Amino acid sequence: MFGEFSPPYTFERDGLSLSLEMKEGHYQYRRDLGGNLVEKAISVGLSRLLVHPVEPFYTGPETAGHLELEFPPLMIEPGATETIFLTFPVEIGIFVEGLRDTEILDVFSVERPKYSLYGSPHRGVITRFTRSSRHREAPAVDGTREGVLKLSVRNTLPEWARVSRVVMDEAEMHLYVGEFAAMAAVMRITGREAAEVSGFDRPLKGGMRRAHDLFTERRILRLGSGPRFPGVERKGYLMEGGLS
Amino acid sequence: MSLATPLIGNLTIWDLAVIAGTIIAALIIAQLVSLYMKRAFSGRVRGKDLEILLKVVYWAVLVLAVLLIFSQLRIDLSGLLIAGGFAGIVIGIASQSVVGNLISGIFLIIERPVSIGDEVRIGDVEGYVEDIRILSIIVRTHQGVYTRMPNEKVFTSDITNYVAHPARRVEYSIGVGHAEEVEKVRGIILSFLQSSPYALVRPAPEVSLLAIADDRLILSVYFWTPSRSFTPARSAALEGIQKELVAAGIEIPPPRRHISLSGGEGGRGSVSRDAPGGRNP
């Protein structure tokens with residue numbers, strides 16, 4: 001589904017239908033998701049259509065800034081590093097590439113979003129929540145719904161650690177795209193109830209390329225803090241509300 | 001030539017050095033205080049207000065330095081102080097509320113009980129904070145009315161910030177017929193909440209039997225929702241729960257009134273009991 005396409009473009013799967021075609025002198029974009037219809041007209045300056053996965057924070061009633069994945073508990077011995085694969089929800093971004101720049105046309109989610117609170121009600125953060133199975137290798141996923149997270153869990157403590165969830169800041173999510181979305185992160189367990197989670201800006205496997213970065217665009221437009229820039233190292237998200 | 005040698009009139013070299021030192025120190029302190037305040041209040045106070053505040057502080061430091069220099073010059077300030085005292089009283093009385101608002105504004109900026117965009121209740125005014133100024137706070141009420149509240153009033157009022165914490169609890173009391181199984185009703189409501197985007201996964205939603213009233217079972221329903229989604233969540237979830245219960249054939253009894261008629265012909269009818277409201281918030 002993902003990639004860069006020259007019009008006309010059509011895609012259909014499981015109640016999702018996308019199309020871009022010339023109609024009455026301009027391009028007509030049409031998205032039908034389970035009867036929920038979106039139609040937009042685009043001037044003829046368009047040269048390509050980009051269909052990329054984006055972080056799961058742009059649709060739904062609540063705008064969260066963190067992703068929380070809950071998985072079956074994992075026990076890690078002192079000093080060990082364990083690599084696991086989890087699945088996370090993705091949203092689909094449709095971008096139009098014009099002569100000068102690229103603009104977001106539509107963002108939608110096939111899955112119904114679910115949210116949670118990580119930490120206490122007075123100091124915690126609202127997270128986009130999902131439960132995931134834990135895998136030893138990258139699992140096969142439906143790319144319209146899920147992506148794959150490669151997570152290296154390092155136990156820096158002198159005692160065993162139990163982990164069953166990971167929370168990532170949206171700034172740490174470096175999405176790569178191939179047939180599905182993927183990202184990598186490392187979780188350093190620094191205390192019984194604390195860990196630091198940082199994203200890696202590298203593809204999961206060969207042939208994947210960087211997904212269009214809606215996050216940085218949004219942050220720059222908002223003049224907010226913490227945009228992602230190549231070569232600029234960010235401090236990871238500090239999980240202080242527990243690891244399981 | 002010693003430091004005590006008079007150079008200009010009675011002024012010695014030492015006096016001049018102290019005056020020069022005071023001026024330089026005052027300029028440095030004024031700059032440092034301004035810089036510190038600019039950093040501390042940047043983003044909390046509007047640009048124009050901050051500029052005025054910084055100027056006031058800068059010049060206050062310089063005025064203090066001038067008074068110190070006067071004492072070094074051995075100029076008798078008692079007359080000036082008396083005149084200044086009177087002027088101060090007059091100006092103080094005239095600008096009492098302005099100064100009160102200014103000081104309250106500074107304390108509000110430091111304490112930060114509200115931020116721009118927050119949904120708040122200040123005294124009896126409820127709405128969204130549109131602007132925080134050095135003398136006042138602007139609130140847009142839910143009816144869209146512009147309300148300017150002097151900082152002094154804000155400072156002394158009860159302030160409720162509905163979005164200061166990330167999550168809030170939604171609470172309902174829902175009445176169902178006596179014949180309904182509590183377990184079944186609980187399952188329907190929890191299942192709905194677990195799929196609703198408004199109800200947070202953690203803290204987990206709760207449904208429990210609150211009371212057995214004369215004509216209904218009253219269940220309390222709790223779930224947490226992001227604070228900024230509270231209002232739509234409260235109504236959307238209640239609507240959804242009602243639909244799910246109706247679809248499952250669960251009886252939601254309407255309020256009932258029992259009327260008993262006593263005596264034969266000419267007997268007087270009387271209302272014997274009003275059923276409890278059956279109201280769901």
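Here are some notes for a first look at this predicted model, point by point.

1. Start with helix α7 of chain B, residues 230-247. This helix has 18 residues and reaches 25 Å from its first C-alpha to its last, close to the 26 Å expected at 1.5 Å a residue.

2. Now look at which way α7(B) faces. Its buried residues are Ala233(B), Ala237(B) and Ile241(B). Seen down the axis of α7(B), they fall within an arc of 55°, so they line one face of the helix. On the face turned away from the buried side you'll find the exposed residues Ser235(B), Glu239(B), Lys243(B), Val246(B) and Ala247(B).

3. What covers the buried residues of α7(B)? The cover includes strand β8 (167-176), helix α6 and strand β10 (217-226), all from chain B.

4. Two of those strands belong to a sheet. In chain B, an open sheet of 3 strands runs in the order β8-β10-β9, with antiparallel pairing. The edge strands are β8 and β9 of chain B, each of which pairs on one side only. On average, and ignoring direction, neighbouring strands here are turned by 25° against each other. Helix α7(B) packs on this sheet, touching β8 and β10 of chain B, and its direction makes about 25° with that of β8(B).

5. Ala211(B) has Ile218(B), in β10(B), as its bridge partner.

6. Chain A has a strand pair of its own to look at. Strands β9 (residues 91-97) and β10 (residues 102-108) of chain A pair in the antiparallel sense over 6 bridges. They form a hairpin, with 4 residues between β9(A) and β10(A). As a landmark, Ile92(A) stands opposite Phe108(A) in β10(A).

7. Where do the two chains meet? 15 residues of chain A are in contact with 14 residues of chain B. On the chain A side, β11 (115-118) and β12 (125-131) each supply at least two of the residues that touch chain B. By class, that side of chain A has 8 nonpolar, 4 polar and 3 charged residues.

8. As background, most residues other than glycine have a negative phi, and most peptide bonds are trans. In chain A, a cis peptide bond joins Pro7(A) and Pro8(A), with omega about 0°. Pro8(A) sits in the loop between β1 (3-5) and β2 (9-13) of chain A. In chain B, the peptide bond from Arg202(B) to Pro203(B) is cis too, with omega near -5°. Pro203(B) is in the loop between α6 (182-195) and β9 (206-212) of chain B.

9. Which phi values stand out? Asp14(A) has a positive phi of about 40° although it is not a glycine. Its place is the loop between β2 and β3 (16-23) of chain A. Asp14(A) counts as exposed because 11 other C-beta atoms lie within 10 Å, and the cut-off for exposed is 12 or fewer. Arg112(B), also a residue other than glycine, has a positive phi near 50°. Arg112(B) is found in the loop between α4 (96-111) and β3 (119-122) of chain B, and is exposed, with 11 other C-beta atoms within 10 Å.

Notes
Residues numbered from 1 in each chain as written. Chains lettered and ligands numbered in written order. Predicted model: local features only at pLDDT ≥ 70, side-chain atom pairs only at ≥ 80, totals over all residues. Buried ≥ 20, exposed ≤ 12 C-beta atoms within 10 Å, placed from the backbone. Pairing = 2+ DSSP bridges. Expected span 1.5 Å × (residues − 1). Arc of directions from axis to C-beta. Contact = placed C-beta atoms within 7 Å. Nonpolar A, V, L, I, M, F, W, Y, C, P; charged D, E, K, R; others polar. Axes fitted to C-alpha atoms, helices over the stretch in contact; angles between N-to-C directions.
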